[in-house]
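Please examine the sequence and the structure shown below before reading on.

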Amino acid sequence: FSISTYNKMWTDAQKDLDIQLRREREEFLQPEKDRVKVFKMLAASYIKYMQIFRNLETAHDQLVHWQKRTVIRQVLDGVIGRILEIKKEMVELENSEFHYIDNILEDLKLLPEDIEVPVPRYFIKEKLEVLQQREKILDQILFNAGLQTQKCVKAMTFEEAIKVIQVAERARQGRHRAAFMKQIYLEEKRERQTKLQVQMGPNPDDAATCIQKVWRGYIQRKKTDKMREEEMIFLGMSLPPHLKAISISQMHTGQMNVLQGEVQERHKEVFIKDKLRETEGLDIKETLQDQIGQCFIECRHIIGKFPDYPTEEAGGSMAILSQKTPEQVAAELAAKKEISLQKKAQKKKKEKEGKEKMKGKKPQKTGKKEEEEGWKMAPSNFLSIMEEGNSQYKAAWQNRDKGCDFLQDHDPELIKEEKREEVEEEIRVQVDELMQQKLENLKLAVDGEKSDKQKKGRKMMSLAHRTIDSLYRELVEEGLLIKAKTVNLSDYVGKYSYLGTTLRQVDIEPMPCLADVRQLIALYGILPLGSQTVHEKAPLVKALLLAGPTGVGKKMLVHAICTETGANLFNLSASNIAGKYPGKNGLQMMLHMVLKVAKQLQPSVVWIGDTEKIFSKAVPKAEEEMNPKRLEKILPKFLKALKAQDRVLLVGTTNRPFDANLKPFCKVYQKIILIPRPDYASRFGKYFLWKHIILQNGGAITNLLNISCLAKVSDGFTQGHIIQAVQAVLSELRLLQMTRKPLRTAEFMTSLARQDPVYREEEEIFK
């Protein structure tokens, strides 16, 4: 039964998390001088959290019980954030984005696939309807504006049209003639067989044998099916017939779409909430009114007049209904004032002492103290989230009796506890409106005061703001908001490099492998954009630079980020914004529009292709009209406007980063990811790449095709080169000939030879 399997997976993940949290409290709080030991500790924690992440994500996606999924989601966000924090520590420790931990994986008896970053499926599933609706709107806008991509139809002359019709008609007549001749041949064959049977006469034994064969085959198949079914029931892999009806309903429940499940959850919540409002609502309302009224009377007795009613921003009546007496509140306020005065006095003393020391003595260096103390883990924003989720699991789910809940889809008592707070909050808002009016009447009747609303009229600013829909439409029509291609991160094929640790031990910095690139894109791009909690509290990455030769898949990775997170894609490349929104004011308005739409419809990716042109030292004459340096000064301000709560990522792609003025270039892009060409050192990766692309384009691999030879010959060529070579060979005609003429190695080598590889000199410049 699948539910028990995923429940066990969740339980095991929670146990592992409990052990890991205990280990963090013991190990990471102690200072450590040995940097190698520190890195091993961090790498081991990274691997462990990644395993917990994979198990929690699978359990969250597969479990039907939505309350369990809520608890798992909280822990899942905490684990993702902690992984990003550990990654930041590893980067600072090694001064490199790429880490090689194959020796640690070997010690733990794990494979590189075990630390592959999974992309949580709830990123897309939870907002599938919104994304589908947005895609329809985008397609409609593009179609109305005439920007929808359509195949160009070339004009055909009258003679060419006649020739095409003649070819098609002759082919049709040929097929018709062949079918007619085949029919005549089959009729003649049947006639000859009939004549022979008439001459020989019917044989009863042959007829009996034929009937026996068919019958015995049928009976044996029935017996075999029955035996197989009995064996499966005996092994516990199938249910008896009388339980099959129940199992079918359970199976449908297990395979139910998450969105449908969420609709049912909402119906259940609304039903329970309405019931609570009917049964307990009146009592809650009366209790709140009595308490607020009592507070008014007590305050007037102490202060001598009625207090002002707290605003909704301040919490409304929640600010009044504290458990303390008015005397205790007054004492607390007095104590706070004394503390603030003491702090101010201490600050002044410190400032005076500091000035005196600066006059007489030179400041002491603190570097030696830091070296003596050693490395210490930075404080975490996610440990408290994980610990809270862990304690919630232990309190509510660890020892919970599951026998009474057969469907495992929800727990009514837990819903009541959650919804009671919501009902109280809704009733409190209604009570606040009534009591506010009552307080104003009391003030007018007893003290003769008028309310602030009656004294001052609100000044309404009448600004004609444009709607998000109109801004969205304009950006699409101008070509600044484009449709992302449907590409998953898993489509970026590349294997793990096993030489990293060995090369670093002999002081050689290895080139990163494609699996490392895929991991960094997931960590810095997909995970923060997909989760609001993670983006707000994890180390903030506002800008990401993908640098590498032409054809290594930089644009594909940009589209993959958008596909995996459901993000909007804005194209602010110099070639795309040329001639649009001219002048300084136009540029500011364009970026303001992009920022507003990107924040409102987050997550969003702002892509700048050939981004080195913005920061180029000198603009070539051919590109002067394009004015590529328009964004140079305003781009830092654009990034400054992005806050932690804004799930907007700036992604730049470049194949010539060395042409840029490096100081402002590196100031804008916090993270720089080098994407290399797949080299022969990762031969299996190249082998796998050839195989994957050939199969993806409809090719068939036989013994006549030596893929190892292709991997060796294509050393220096990028993925783009390989795709072009494969697509050039596997035309429609070649695919039709595949069965009688298998693919050969020479076909791909000829196509590959027509392209220019990435030479060693260029690769060294990238390094």
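## Aromatic pairs

A search of the whole structure finds 5 aromatic pairs; rings of Phe, Tyr and Trp (its six-membered ring) pair if their centres lie within 6.5 Å, and planes under 30 degrees apart count as stacked, over 60 as edge-to-face and the rest as tilted. In one of these pairs, the ring centres of Trp 215 and Tyr 218 are 5.8 Å apart and the planes stand at 35 degrees, so the pair is tilted.

Trp 215 is exposed at 52% relative accessibility, whereas Tyr 218 is partly exposed at 40%. Buried means under 20% relative accessible area, exposed over 50%, and partly exposed in between (1.4 Å probe, protein chains only). Trp 690 and Phe 748 form an edge-to-face pair, with 6.0 Å between centres and 70 degrees between planes. Trp 690 is buried at 0% relative accessibility, and Phe 748 is also buried at 0%.

## Basis of the model

The model is predicted: local features need pLDDT of at least 70, side-chain atom pairs count only at pLDDT 80 or more, and totals for chains, interfaces and linings use all residues. Residues are numbered from 1 along each chain as its sequence is written, and side-chain values use heavy atoms, leaving out hydrogens and water.

## The sheet

An open sheet of 6 strands has the order 1-3-4-5-2-6 and mixed pairing. Strands (E, at least two residues) are DSSP runs, numbered from the N terminus, and two strands pair if DSSP finds at least two bridges between them. Strand 4 (residues 604-609) pairs with strand 5 (residues 648-654) in the parallel sense over 6 bridges.

Notes
Helix = DSSP H or I, 4+ residues; strand = E, 2+ residues; numbered from the N terminus.
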